[in-house]
Amino acid sequence: MGTAFLCLEDAQETPGVAGWRAVSYNHRMETDPQLAERLERHVRVLSHVIGERSLGEYQNLVKARDFVSSEFKSYGYAPLVQEYRTYGRAFHNLAAERPGKSPEIVLVGAHYDSVAGTPGADDNASGVAVLLELARFFSGACRELTLRFAAFATEEPPFFRTSDMGSAH
């Protein structure tokens, strides 16, 4: 059984204009019958066990950060933590990286906060679940490109479209 993966990277074909080029490679893999269960577990932990992950529920943001970090560690990564302060509190972006042979980096990111008043299952626990499973899948792989998996803390209001967004740090 073979599966082809397609990775996109910024090509910068014209100065000042971002472009994309495809980098493809084949990877042989077996079907993973537990994938759906793991994805669902990640979403349930974030959206139901932890719940709302917003500025008003700061302690739940900390729990979500700890959950993501723990998952990265269980896959053999040493998560990098980027701390920044806003609204009088410390927030943390997390990154797990699998170095490749080339200096080029493929960044896969998701935010682990949620809109106030919601459990954030589809925005963005599902994105974090995919991020975690991609990190798990590629954890033991040696690739041409470096893979960086990033979990951002503050992407929803009141941080959205401001310099306080986690992805802006």
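These legends describe close-up views of one predicted model.

**View 1. Four strands make an open sheet.**
The strand order is β3-β4-β6-β5, and the pairing is mixed. β3 covers residues 80–86, and β5 covers residues 105–111. Both stand at the edges of the sheet. Each has a single partner strand, so one side of each is left without a neighbour in the sheet. From one strand to the next, the twist averages 20 degrees.

**View 2. β4 pairs with β6.**
Strand β4 spans residues 89–98, and strand β6 spans residues 146–152. The two run antiparallel. How many bridges join them? There are five. Look for Glu 97: its bridge partner in β6 is Arg 148.

**View 3. Helices α2 and α3 lie across strands of the sheet.**
Helix α2 is made of residues 58–74. It lies across β4 and β6. Its direction is at about 15 degrees to β4. Helix α3 is made of residues 121–137. This helix lies across β5 and β6. It runs at about 145 degrees to β5.

**View 4. A nonpolar core holds 32 residues.**
In soluble globular proteins, nonpolar side chains tend to be buried together. The core shown here is the largest nonpolar core of the model. Which residues touch the most other members? They are Val 68, Phe 72 and Phe 149. Several elements contribute: α1 (35–50), α2, β4, β5, α3 and β6 each supply at least two residues. Helix α2 gives the most, with six.

**View 5. Phe 72 and its contacts beyond its sequence neighbours.**
Neighbours within four places in sequence are left aside here.

**View 6. One cavity of 30 Å³ or more is found in the structure.**
A probe the size of a water molecule, rolled over the atoms, shows where empty space is left. The largest cavity has a volume of about 50 Å³. Which residues line it? Tyr 58, Leu 61, Val 62 and Arg 65 are among them. The lining also includes Ala 90, Phe 91 and His 92. Tyr 112 and Ala 153 belong to it too. α2 and β4 each supply at least two lining residues. α2 gives the most, with four.

**View 7. Two peptide bonds are cis.**
One runs from Asp 123 to Asn 124, with omega near 20 degrees. Asn 124 lies in helix α3. The other joins Pro 157 and Pro 158, and its omega is about 10 degrees. Pro 158 is found in the segment after β6.

**View 8. Tyr 87 and Arg 161 have positive phi values.**
Neither residue is a glycine. Phi of Tyr 87 is near 50 degrees. Where does Tyr 87 lie? It sits in the loop between β3 and β4. Its relative accessibility is 46%, so Tyr 87 counts as partly exposed. Phi of Arg 161 is near 60 degrees. Arg 161 is placed in the segment after β6. Arg 161 is exposed, because its relative accessible area is 72% and the cut-off for exposed is over 50%.

Terms used. Residues numbered from 1 in each chain as written. Predicted model: local features only at pLDDT ≥ 70, side-chain atom pairs only at ≥ 80, totals over all residues. Heavy atoms only, no water. Pairing = 2+ DSSP bridges. Axes fitted to C-alpha atoms, helices over the stretch in contact; angles between N-to-C directions. Contact = heavy atoms within 4.5 Å. Buried < 20%, exposed > 50% of the residue type's maximum accessible area, 1.4 Å probe, protein only. Core = buried A, V, L, I, M, F, W, Y, C linked by side-chain atoms within 4.5 Å. 1 Å grid on protein atoms, 1.4 Å probe; cavity = no way out; pocket = protein on both sides within 12 Å on 5 of 7 lines; lining within 4 Å. Points joined across faces, edges and corners; volume = space filled by probe spheres on them.
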